[in-house]
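Subject: A structure for you to explore

Hello,

Here is the structure I promised to hand over. Please open it next to this email and follow along as you read.

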Amino acid sequence: MNTHAPLPEPFSLTSRLATDPEQHALFCEDATLNSWLAAERALAQAQADAGVLTHAEAAAIRDAAQLHHIDREELWRTARTVGYPILGLVRQISRQLPPGPDGRVHYGATTQDIMDTGLALQMVRSLAALERRIAELGDVLAARVTEHASTVMAARTHGQQAVPTTFGATLATLLAQFTRHRQRLAQAAPRIGMISLSGAGGTAAAFGPHAAAIRSGIARLLGLHDTATPWHVARDGVAEFGWLCSLLTATCARLARNIVDLSRTEIAEVFEPYSDHRGTSSTMPQKVNPITSESIIGLSGTTGALTSALLRAQEAGHERAAGEWHTEWRVLPELAVTAGAALTETIALLRGLRVDARRMRTNLDSDGGLVMAESHMITLAGPVGRERAHDLVHEAATCTRTTGTHLTQTLRDVLTEHHLDTLLPGLHAQPENYLGQAHQIAETTTRLWRTQTTPLPEPPTPLARLATS
């Protein structure tokens, strides 16, 4: 058996059921090679601009550093020998050149300069694609918040009914999270999209007095941010990218968990989109399982586990990692694809979400009116004090559960027993009268989504065309 032959990726049922082709394309083999080749082209051009290479040499390197010149079988065979792919890549580029320019490829750079610069190119494009997904999701979610701003339902704490709220106010908390996530992506982009050009030990000594000019030139050519500080082992920017993917997916999962709970037979307030046989069981024909929500929850569990691996990459010592860097190679593409898939699935979930407002209202009375307990306590707190009001309503609530009667009646009995029946007319009787700021929450959150978020600039040039002219 040839142990060096390329093997197909292990089968992933998750990828078959939920994936993101755009993120996959950004981290595929072609995109990765193109990102490295773009870094080599930009290096040659920046060195020509600084007077280290001639423009003719840079043009020759630019024409040679093209994907169609790369023999992939040879490249990966060499990479397995060396441990890294850039030496083989540089030699294949050099073979396309006449004597002279062939010795100027990769001049002064180190392998990780090229790979990290390429990774930065991929990550900024991934962020832009994720931001587009967030923008689409947020617009759909904002419409739902507005639609259900007055749809009364039970707020639930610790899995139990708490006080009345609206479905729009509940969804608004998710919209606020996606607003913040969109802002985080914009804030993180400069930290993630940084040029790497620090040479073998991080001092850029091989570039001589032109180091700063070459570095800034590459950054300009590639649309990346310049930095004078090496980040070969300072992987916080990479980890931040991973955490952003994990945060996005976890927020999607929070919505998905609520949908799973609210679609339970005993609650039956909110349901996933429906089509024939969607979510059915192989043995129970009546089932309509919340399959999209389940997929999103699974994706979130995956991103959480993968992101934890990036903490190990932070441990790299001295000026170059000794294995810690390698964890990123598998984890980062998976994180990007998984986050994109979670956002895509959540958009589909929100577009087809089915809401039973009548059932929501009915469920408010399913516990004998106990959902209004806080309202009654606050009303009584004025004349009798909060602590006594708490005890009176608690006594009535206990009686409600014991007798199966309604809180309104048991509270009347308790107040009468304590000679406080004069307070009865002031009690709220309906959940619609005790919604607090639910309407304002929905309105304010949708307004902030529309006014406090701006699109992340899309990198204008495809990887294959960077630094080609």
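Predicted model: local features only at pLDDT ≥ 70, side-chain atom pairs only at ≥ 80, totals over all residues.

Let's begin with helix α14, residues 373-384, and helix α16, residues 407-417. Their axes come within 11 Å of each other and cross at roughly 30°. Angles under 35 degrees count as roughly parallel, so α14 is roughly parallel to α16. The crossing of these two helices is right-handed.

Which residues of α14 and α16 meet? On the α14 side they are Ala373, His376 and Leu380, and on the α16 side Leu407, Leu411 and Leu415. Sorted by class, this contact between α14 and α16 has five nonpolar residues, one polar residue and no charged ones.

Next, have a look at serine 263, in the loop that runs between α10 (236-262) and β3 (270-271). A polar atom of the serine 263 side chain lies 3.1 Å from the backbone oxygen of valine 260. Leaving aside residues up to four places away in sequence, serine 263 touches Ala268, Val270, Phe271 and Pro290.

Finally, go to threonine 422, in the loop between α16 and α17 (438-451). Is threonine 422 buried or exposed? Its relative accessible area is 67%, and exposed means over 50%, so threonine 422 is exposed.

Enjoy exploring, and write back with any questions!

Best wishes

Terms used
Residues numbered from 1 in each chain as written. Heavy atoms only, no water. Axes fitted to C-alpha atoms, helices over the stretch in contact; angles between N-to-C directions. Helix = DSSP H or I, 4+ residues; strand = E, 2+ residues; numbered from the N terminus. Parallel < 35°, antiparallel > 145°, perpendicular 65-115°, else oblique. Left-handed = near helix turned anticlockwise from the far one by under 90°. Contact = heavy atoms within 4.5 Å. Nonpolar A, V, L, I, M, F, W, Y, C, P; charged D, E, K, R; others polar. Polar contact = N/O pair within 3.5 Å; in protein donor to acceptor, adjacent residues only side chain to side chain. Buried < 20%, exposed > 50% of the residue type's maximum accessible area, 1.4 Å probe, protein only.
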